[in-house]
Amino acid sequence: MAQEQIEQVKASAEKADGSSGAGSSSSISRMGTASIPRLIVEFAIPSIAGMVVNGAYNVIDSVFLGQAMGATGQAVMTAANPIMVMFMALAMLIGNGGNALCALRLGEGRHEDAERCLGMTVTLGILIAAVVAFIALCPITVDFLLSLTSATPEILDQTRLFVRILSAGFIFQLIGMGVNNFIRTAGAPNRALGTMVIGAVACTAFNYLFVIVFGWGVAGSALATISGQAASFVSVLWYFLFTPGVPLKLRLRLMGLKVRVVGRICALGLPSFILQVGIALVAIVSNAMLVKYGSQHPLGADNALASIGVVTRLTMFSIFPLIGTAVALQPLLGFNYGARLIARVRKTYFCGIAGATGIALVLWVIVQAFSHQIIGAFGLRDPQLVDFTAFALRVQLMMLPLVGFQIVTSNYFQATGQPAKSIFLSLTRQILFLIPCYLALPIILPGIFSGLTGLDAIYFAPPVADAISIFVAGCFAAFELKRLKKIESGSIKVHI
C-alpha cells in the first residue's frame, strides 16, 4: 500500500509540474520518496542557518548599539523589542501560512493553486506593509505603543526614532523573510539560506559603517537593519521572477486575492503569528515588571531593562535554531500528510524532535559554560551588571534542552492542517503560563527564598513556564500518534 502511494506521489508531481521540467518535478516529488533523515538534514541545515541569520539582525543591532552607547543602547532595544517582534509576527502570519498551504497543495498535485499561494502571500505583504508605514506616521499611535513597552522618558525619543525607521522599511522584512520560506518548499533550501545570509552580512556591514564609523546611534542601527532586509528582499524576488526552471513562479495573474484562500493562509499562519504575539505580550509584561522592580533594586530601571533585555534577545536567538528545525519539517510533513504517507509523517516528526533536542543540548552547554563571555559582547561594563545578567541567562535557559520538543510538536499541527491545536500549544507557554509567572513569581519567590528580590524572580518565570508547556505538548503528541494510526489503518478519513 505504501509503495502504491509513493508511485501516486511521483505521478501527481510530474503531472502538476510538467511545465517546469523533470528537474523541478523531482525536487518536489522526492519529499515523498527520498530518505527522511537525509531530507531533514538537507532542509534543516539551511533553515536553521536562515533562522539564526534572521534572528541575528536583533543581536547585531544590540552588539553595535551596546558597544557605541552601553546600557542606554540596550535599553532602547529592549523597549523597541515588542514592536519588532510584532513585525516578525506579521511576516510569519502570511509567510508560514502561505508556505504551509503551498506544501499541502503540492502534495495533492495542485500546482497552480500552490503558485497562487505564493502570489497571494506577496500581495498580502504589500498591503500589510503599507498599513504599518501609515500607522508609523502618526506620532500619537507610536507614543501609545511605546508607553505599552515601558520606554522610560530617558530613552523615549531615541526609541521612537528607531521604531519609525523600521516601520518605513517593513516591506523588506515581510517579503525577505516571509516569502523566503517558499524557496525551501520549491526544493532549494541552500538558495533560501543564501538570501538570508546576504541580508545579515549587509546588516553587519552597514551597522559598522552607520553606528561605529558615522556615529549615527539608534538611527544608524535602524537604517542598517532595513538595508540588510532590502538585500534579502531583492534576492528572494529575483529567485521567483527571473531564475529559470524553478518549480514555483511568481505570476501576476495569480496575485489577486481570493477571500477563501486568504482565510486559509491566515488560519495556517495563525499559530506562528500567535506565538510571536505571545512573545510580544510577554515582552510588554516583562518590561513593565523590570521597570517596577528594577526601580526598587540597586541596578535601577534602565539597567534592569538593559540587562534582562540582553537575556531575552539571547534566549530568542537560542530558540531560533529550534524554530528553524521545525520550519524545515513543515514542507516534508505537509507534503507527506497531503499524500497520506503516514509512516513518513511519523518518522519525520520523531527525527525532527531528535534533531531539535540535540541542537538545544549543545546550545545549553555553551550558555552554561560561557555566559560571562557572551554577555561581554553587548557592551555592559559594570561588573555587578554583568554578573547579574550572566546568572539570569543561565537560569532563563534552564529548560532549553526540552524546549525543542514543544516547538516541533506545535509546528507539526500547523504543517498538517490542524491550526487550532497548534495555536493552543503556542498559547500555553507564551500566554497561559509565562505571563502569570511573570506577575506572580516576584511576589511569591522572595517570600520563600530570602536571598531573592522581585527583580531576581523575573528570570525564573521562563523555565517554570517551559516545564508546564512541555508536559502539555506531550499529552497532545500522545493523542496525535494514536490518530495517525487510525488514519493509516483507514478507520478514519481526514480532509485538509
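A salt bridge is a side-chain nitrogen of Lys or Arg within 4 Å of a carboxyl oxygen of Asp or Glu. The views below come from a predicted model.

**View 1. Arg105 and Glu108 form a salt bridge.**
The closest N and O atoms of this pair are 2.9 Å apart. Arg105 is buried, because its relative accessible area is 11% and the cut-off for buried is under 20%. Glu108 is partly exposed, at 29% relative accessibility. Side chains of opposite charge can pair when their charged atoms come close. A search of the whole structure finds 12 salt bridges.

**View 2. Glu480 meets Arg483 within helix α18.**
The two side chains form a salt bridge, with an N to O distance of 3.0 Å. Both residues sit in α18, three residues apart. That spacing is about one turn of the helix. Arg483 counts as buried, with a relative accessibility of 17%.

Is Glu480 buried or exposed? Glu480 is buried, with 4% relative accessibility. Lys421 is partly exposed, at 31%.

**View 3. Helices α11 and α16 come within 8 Å of each other.**
Helix α11 covers residues 259-294, and helix α16 covers residues 419-448. Their axes cross at roughly 5°. Angles under 35 degrees count as roughly parallel, so α11 and α16 are roughly parallel to each other. Which kinds of residue make up the contact of α11 with α16? The contact has 22 nonpolar residues, five polar and no charged.

**View 4. Ser150 has a positive phi.**
Its phi is near 65°, and Ser150 is a residue other than glycine. Ser150 lies in the loop between α6 (139-148) and α7 (156-168). Ser150 is buried, with a relative accessible area of 15%.

**View 5. The largest cavity has a volume of about 510 Å³.**
Lining this cavity are 37 residues. Leu275, Ile279, Ile319, Arg429 and Gln430 are the closest to its centre. Which helix gives the largest share of the lining? Helix α11 does, with eight residues. At least two lining residues come from each of α4 (71-107), α11, α12 (301-338), α15 (400-415), α16 and α18. By class, the lining has 19 nonpolar, 16 polar and two charged residues. The count of cavities of 30 Å³ or more comes to seven.

**View 6. The second largest cavity has a volume of about 260 Å³.**
How many residues line the second largest cavity? There are 19, and Tyr57, Asn58, Met84, Met88 and Gln173 lie nearest its centre. Two or more lining residues come from each of α3 (36-69), α4, α8 (170-185), α10 (217-242) and α12. The lining divides into 10 nonpolar, eight polar and one charged.

Note on methods
Residues numbered from 1 in each chain as written. Predicted model: local features only at pLDDT ≥ 70, side-chain atom pairs only at ≥ 80, totals over all residues. Heavy atoms only, no water. Axes fitted to C-alpha atoms, helices over the stretch in contact; angles between N-to-C directions. Helix = DSSP H or I, 4+ residues; strand = E, 2+ residues; numbered from the N terminus. Parallel < 35°, antiparallel > 145°, perpendicular 65-115°, else oblique. Nonpolar A, V, L, I, M, F, W, Y, C, P; charged D, E, K, R; others polar. Buried < 20%, exposed > 50% of the residue type's maximum accessible area, 1.4 Å probe, protein only. 1 Å grid on protein atoms, 1.4 Å probe; cavity = no way out; pocket = protein on both sides within 12 Å on 5 of 7 lines; lining within 4 Å. Points joined across faces, edges and corners; volume = space filled by probe spheres on them.
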